[in-house]
Amino acid sequence: MPKKLLLLPPLSVSSAFRAPRACPASRPAMNAARTGYRVFSANSTAACTELAKRITERLGAELGKSVVYQETNGETRVEIKESVRGQDIFIIQTIPRDVNTAVMELLIMAYALKTACARNIIGVIPYFPYSKQSKMRKRGSIVCKLLASMLAKAGLTHIITMDLHQKEIQGFFSFPVDNLRGSPFLLQYIQEEIPNYRNAVIVAKSPDAAKRAQSYAERLRLGLAVIHGEAQCAELDMDDGRHSPPMVKNATVHPGLELPLMMAKEKPPITVVGDVGGRIAIIVDDIIDDVESFVAAAEILKERGAYKIYVMATHGILSAEAPRLIEESSIDEVVVTNTVPHEVQKLQCPKIKTVDISLILSEAIRRIHNGESMAYLFRNITVDD
């Protein structure tokens, strides 16, 4: 009998030339680099790397190997000394007094990591520079928006910061921004370090800071006071160019167009809305830089009967003569976090105290790398904080 031929289905090109599968044991080795993360410090000064060291100690990691320095002509140079291909990279950048140098260090390091094929580049910037220039003033520009665009162009894909001066700044970025809060650490300091804090009152040194002060007062179950009519140049009182060109008496006006005349603002007498007599006064704010307004507020509170005065702020920039002015003022203690290095100011003024916030920054880094929710870091945090 003739033999029957057994017909087999034709082999497709894809099945005939399919590459052999890798053994399971080799997969972790291939993906090890893609699942890691590294933490770098973009600062060239030793004082600014202290926060980065605290964060890496909490994470149980080592600080990435890099060299950041300024050449003799002032140019910033960054050299990455290890492979970062396929990894999540966190750049910690604290902002010293030389703000522009710190910004360039961050931009150049981010670009260097981008060209070295890092998977994600996350900037950890506890105090975001130029945050006070987030509104149009006269014929200037919104510098904070410019900086946000520069960071995105340099290669950053995410930012972790703390207590932005205006929360609307998050809308300037084309990538996610986690705006953490320093208030839980300051509230803990009040409860643990201020004797008889139940006899305290939370004070807003201007009506603009009333919402933040109210948030503190409600969580501590304390009273609230607001200083009104303070002799300072507040942001809302600055000329923003809307009356330009100026009104001229003999100017030609279009027939039928009569605009109402704007009445000039006049500062009312300084008053304190709320009772501070025989109480501890705690002034709260987000930034303390030029301390003249805080010193003036302390004098008013002292006149109204407050027997002890504290100032609480997240970012202690303390520029110029701030330590001397605080030392000579009625302020008993200034409490700030270590988002900005201020060891020199502490040596000049023993009234300045520091609260460490490396715990929340390290936890944010861990959660972002592991893809976990950040909601835990914002529990019991109100929008007004």
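**Close-up views of helix packing and loop residues**

The crossing of α3 and α11 is right-handed, in what is a predicted model.

**View 1. Helices α3 and α11 pack against each other at roughly 60°.** Helix α3 covers residues 50-59 and helix α11 covers residues 358-370, and their axes come within 9 Å. On the α3 side the contact is made by Leu51, Arg54, Ile55, Arg58 and Leu59, which meet Ser358, Leu359, Leu361, Ser362, Ile365 and Arg366 of α11. Sorted by class, this contact has 6 nonpolar, 2 polar and 3 charged residues.

**View 2. Helices α6 and α7 pack at an angle of about 50°.** Here helix α6 (residues 183-193) and helix α7 (residues 210-220) have axes 11 Å apart, and that angle makes α6 oblique to α7. The crossing in which α6 passes α7 is right-handed. Ser183, Leu186, Leu187, Ile190 and Gln191 are the residues of α6 that meet Tyr216, Arg219 and Leu220 of α7, and by class the contact has 5 nonpolar, 2 polar and 1 charged residues.

**View 3. Cysteine 117 has a positive phi in a loop between a helix and a strand.** The loop that holds cysteine 117 lies between α4 (99-115) and β5 (120-125). Phi of this residue is near 70°, a positive value in a residue other than glycine. With a relative accessible area of 36%, cysteine 117 is partly exposed, because that value falls between the limits of 20% for buried and 50% for exposed.

**View 4. Alanine 320 has a positive phi in a loop between a strand and a helix.** Alanine 320 is found between β12 (308-316) and α9 (322-327), and its phi is about 55° although the residue is not a glycine. The relative accessible area of alanine 320 is 59%, and the residue is therefore exposed.

View 5. Of its 385 residues, 45% count as buried, while the protein exposes about 21,700 Å², of which carbon and sulfur atoms supply 56%. Among contacts between residues at least 6 apart in sequence, 69% join residues at least 24 apart.

Terms used:
Residues are numbered from 1 along each chain as its sequence is written. This is a predicted model: local features need pLDDT of at least 70, side-chain atom pairs count only at pLDDT 80 or more; totals for chains, interfaces and linings use all residues. Side-chain values use heavy atoms; hydrogens and water are left out. Buried means under 20% relative accessible area, exposed over 50%, partly exposed in between (1.4 Å probe, protein chains only). Contact means heavy atoms within 4.5 Å. Accessible areas come from the Shrake-Rupley method with a 1.4 Å probe; for residues, only the protein chains shown count as cover. Axes are lines fitted to C-alpha atoms, for helices over the stretch in contact, and angles run from 0 to 180 degrees between N-to-C directions. Helices (H or I, at least four residues) and strands (E, at least two) are DSSP runs, numbered from the N terminus. Angles under 35 degrees count as roughly parallel, over 145 as roughly antiparallel, 65 to 115 as roughly perpendicular and the rest as oblique. A crossing is left-handed if the near helix is turned anticlockwise from the far one by less than a right angle, and right-handed if clockwise. Ala, Val, Leu, Ile, Met, Phe, Trp, Tyr, Cys and Pro count as nonpolar, Asp, Glu, Lys and Arg as charged, and the others, Gly among them, as polar.
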